[in-house]
Amino acid sequence: ANSTLDLTVDNATFQFSIINESASNKIAVAAGTGNTYVGHADIPAKGAARFMIRRTSSTACTIYRIAG
């Protein structure tokens with residue numbers, strides 16, 4: 001994720017939103033190998049959430065739920 005998002009220095013960040021338009025299915029957000037998730041990971045049906053990814057090292061990031 002670091003190189004794809006151009007997070008080239010520690011503490012660089014990227015914000016994004018996920019909008020779930022499903023009437024019946026939740027979305028489960030997973031951090032993946034080497035990454036840490038902070039906050040509630042599920043987005044309910046017809047819900048939305050905003051996230052921020054922060055590079056913590058050259059091999060790891062922390063994903064924060066910042067709204068929703």
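Trainee: Phe-14, Phe-16, Tyr-37 and Phe-51 are said to form one aromatic cluster. How many aromatic pairs does the structure hold?

Mentor: This is a predicted model, and the structure holds 3 aromatic pairs.

Trainee: Why is the pair of Phe-14 and Phe-16 called stacked?

Mentor: The ring centres of Phe-14 and Phe-16 are 6.3 Å apart, and the planes stand at 25 degrees. Centres within 6.5 Å make a pair, and planes under 30 degrees apart count as stacked. The pair of Phe-14 and Phe-16 is therefore stacked.

Trainee: What makes the pair of Tyr-37 and Phe-51 tilted?

Mentor: The centres of Tyr-37 and Phe-51 lie 6.2 Å apart, with 55 degrees between the planes. Stacked needs under 30 degrees and edge-to-face needs over 60, so the rest is tilted. Tyr-37 and Phe-51 belong to that rest.

Trainee: Where in the chain do Tyr-37 and Phe-51 lie?

Mentor: Tyr-37 is in strand S3 (residues 35-38) and Phe-51 is in strand S5, 14 residues apart, and the pair links distant parts of the chain. Both Tyr-37 and Phe-51 are buried.

Trainee: Why is Phe-14 called partly exposed?

Mentor: Its relative accessible area is 34%. Buried means under 20% and exposed means over 50%, with partly exposed in between. Phe-14 is therefore partly exposed.

Trainee: How many salt bridges are there?

Mentor: The count comes to 2 salt bridges.

Trainee: How do you know that Asp-10 and Arg-55 meet in a salt bridge?

Mentor: The N to O distance between their side chains is 2.9 Å. A salt bridge requires such a nitrogen and oxygen within 4 Å, so Asp-10 and Arg-55 meet in one. This pair links distant parts of the chain, 45 residues apart: Asp-10 lies in the segment before S1, and Arg-55 in strand S5 (residues 48-57).

Trainee: Are Asp-10 and Arg-55 buried, partly exposed or exposed?

Mentor: Asp-10 has 41% relative accessibility, so Asp-10 counts as partly exposed. Arg-55 has 12%, so Arg-55 counts as buried.

Trainee: What makes the pair of Asp-42 and Lys-26 a salt bridge?

Mentor: Their side chains meet at 3.0 Å, N to O. The limit is 4 Å, so Asp-42 and Lys-26 form a salt bridge. Asp-42 lies in strand S4 (residues 42-43) and Lys-26 in the loop between S1 and strand S2 (27-28), so the pair ties together parts 16 residues apart in sequence.

Trainee: What is known of Gln-15, and why is Gln-15 called partly exposed?

Mentor: Gln-15 lies in strand S1 (residues 13-19). At 39% relative accessibility, Gln-15 falls between the 20% and 50% cut-offs, so Gln-15 counts as partly exposed. Leaving aside residues up to four places away in sequence, Gln-15 touches Arg-50, Phe-51, Met-52 and Ile-66.

Trainee: What makes the link between the side chains of Gln-15 and Arg-50 a polar contact?

Mentor: The link is 3.3 Å.

Trainee: Which elements does the protein have overall?

Mentor: The protein has 0 helices and 6 strands. Of its 68 residues, 28% are buried.

Note on methods:
Residues are numbered from 1 along each chain as its sequence is written. This is a predicted model: local features need pLDDT of at least 70, side-chain atom pairs count only at pLDDT 80 or more; totals for chains, interfaces and linings use all residues. Side-chain values use heavy atoms; hydrogens and water are left out. Helices (H or I, at least four residues) and strands (E, at least two) are DSSP runs, numbered from the N terminus. Buried means under 20% relative accessible area, exposed over 50%, partly exposed in between (1.4 Å probe, protein chains only). Contact means heavy atoms within 4.5 Å. A polar contact is a pair of N or O atoms within 3.5 Å; within protein, one must be able to donate a hydrogen and the other to accept it, and residues adjacent in sequence count only if both atoms are side-chain atoms. Rings of Phe, Tyr and Trp (its six-membered ring) pair if their centres lie within 6.5 Å; planes under 30 degrees apart count as stacked, over 60 as edge-to-face and the rest as tilted.
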